[in-house]
Amino acid sequence: MSKLHFESVFFRVTYWLPCISVLFFILLSQGVNASQSIHTVDLSNLKAQQRIVLNGQVQYLVDEQGLNLESVMQVNDDQWQANTERRSNFGISANPYWFRLALSNVDQAGSPFFLRVDYPHTDKLDVHIVNDGMLVHSYQLGDTLPYAYRPVDNRIYLLPLDELALANIELYIRAESQGPIELPIDVLTHAEFYHQDKLELIWYGAYFGTMLVMFFYNLFIYILVRDVTYFYYLFYVASTMALQFTLTGASFQYVYPESTNLNNTLVLMLTALMPFAAVSFVRSFLKLDSTGIRFDQAIARGLLIAFAILFVSSLF
């Protein structure tokens with residue numbers, strides 16, 4: 001009897017185990033698909049939190065087919081990738097990226113707020129706001145459009161979503177750029193943004209003020225001594241200031257708000273110009289042409305040629 005009982009149990013196990021395994025994997029796959037549904041962030045407690053970082057909640061899709069909003073809204077959930085690493089930099093890509101996210105209780109945030117994309121050098125940034133499957137509003141942004149297109153006057157991208165007076169919305173964001181595709185995105189109250197912005201402006205004022213003091217101090221010395229080394233140092237300080245001013249987005253805001261092609265060109269030009277000036281200064285200060293060994297002289301000349309080529313190529 002024990003042998004028959006054992007065989008009966010063995011038969012039942014071998015019969016049901018494959019069925020249970022198949023059922024388990026079906027449930028698991030459904031769970032994975034469910035986890036890929038659009039993520040929702042509740043804004044009802046935003047006034048207390050002041051700021052909510054959204055990078056861990058957005059899902060992204062590499063657009064290899066030239067999708068429009070209607071097409072991307074119909075893409076299956078399992079084709080969207082979760083941003084589990086909470087990264088904001090997606091590297092350089094020849095294809096645009098789509099991002100999506102849902103916000104709930106937008107009308108109960110308790111305080112006026114901005115949706116912020118804290119990177120000013122995206123070429124094209126389209127933000128589509130959808131409610132109940134219908135497009136409510138779209139923003140066309142990016143440094144390939146005049147500065148006046150921005151809904152809020154700032155060097156970065158700020159969207160006043162609370163003005164829509166909607167409870168629940170979905171965001172579909174398309175980013176395209178010749179440089180890196182970056183999307184550092186968050187929502188924050190007006191009070192928190194202006195507090196952060198004030199601190200940044202203080203830091204920028206200290207940095208650029210110090211650099212200007214160094215520039216004019218060395219300019220005065222150069223006028224007195226006429227040493228070419230000081231000229232190269234002035235060249236280096238000026239190019240460094242110009243590059244940093246451009247990277248913050250302030251040059252597009254204040255200097256050339258209508259020159260859409262100049263911003264990308266200036267970043268490339270100054271990225272080549274600054275190290276060219278630095279190598280020229282070091283070469284002159286150390287008198288490499290007269291006291292340096294041939295290897296050092298060759299390295300310095302090679303760097304100057306490389307940066308000069310990079311500068312010229314940035315013009316085309």
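## Close-ups of a predicted model

**View 1. A helix laid over a sheet.** Helix α4 (residues 190–225) lies across β2, β7, β10 and β13 (185–189), and runs at about 105° to β13. Contact here means heavy atoms within 4.5 Å. The angle is taken between N-to-C directions, on a scale from 0 to 180 degrees, with axes as lines fitted to C-alpha atoms, for helices over the stretch in contact. Helices (H or I, at least four residues) and strands (E, at least two) are DSSP runs numbered from the N terminus.

A quick note for all the views: this is a predicted model, so local features need pLDDT of at least 70 and side-chain atom pairs count only at pLDDT 80 or more, while totals for chains, interfaces and linings use all residues. Residues are numbered from 1 along each chain as its sequence is written, and side-chain values use heavy atoms, with hydrogens and water left out.

**View 2. The open sheet itself.** Going across, the 4 strands come in the order β2-β13-β7-β10, with antiparallel pairing. β2 (51–53) and β10 (157–159) sit at the edges with a single partner strand each, so one side of each has no neighbour in the sheet. From one strand to the next, the twist averages 20°. Two strands count as paired if DSSP finds at least two bridges between them; β7 (residues 113–117) and β10 have 3 bridges, in the antiparallel sense. Look for V117 opposite Y157 in β10.

**View 3. D289 and its arginines.** A salt bridge is a side-chain nitrogen of Lys or Arg within 4 Å of a carboxyl oxygen of Asp or Glu. D289 makes one with R283 at 3.0 Å, N to O, and another with R301, where the closest N and O atoms are 3.9 Å apart. R301 belongs to helix α9 (residues 294–313) and D289 to helix α8 (residues 288–291), so this pair ties together parts 12 residues apart in sequence.

View 4. The closest N and O atoms of the E176–R174 salt bridge are 3.0 Å apart. E176 is partly exposed at 26% relative accessible area, whereas R174, at 17%, is buried. The cut-offs: buried is under 20%, exposed over 50%, partly exposed in between (1.4 Å probe, protein chains only). Elsewhere, salt bridges link R51, R116 and D186 in a network.

View 5. The chain averages a pLDDT (the predictor's confidence in each residue, from 0 to 100) of 88, and 89% of the residues score at least 70. Over residues 1–35, the pLDDT is below 50.
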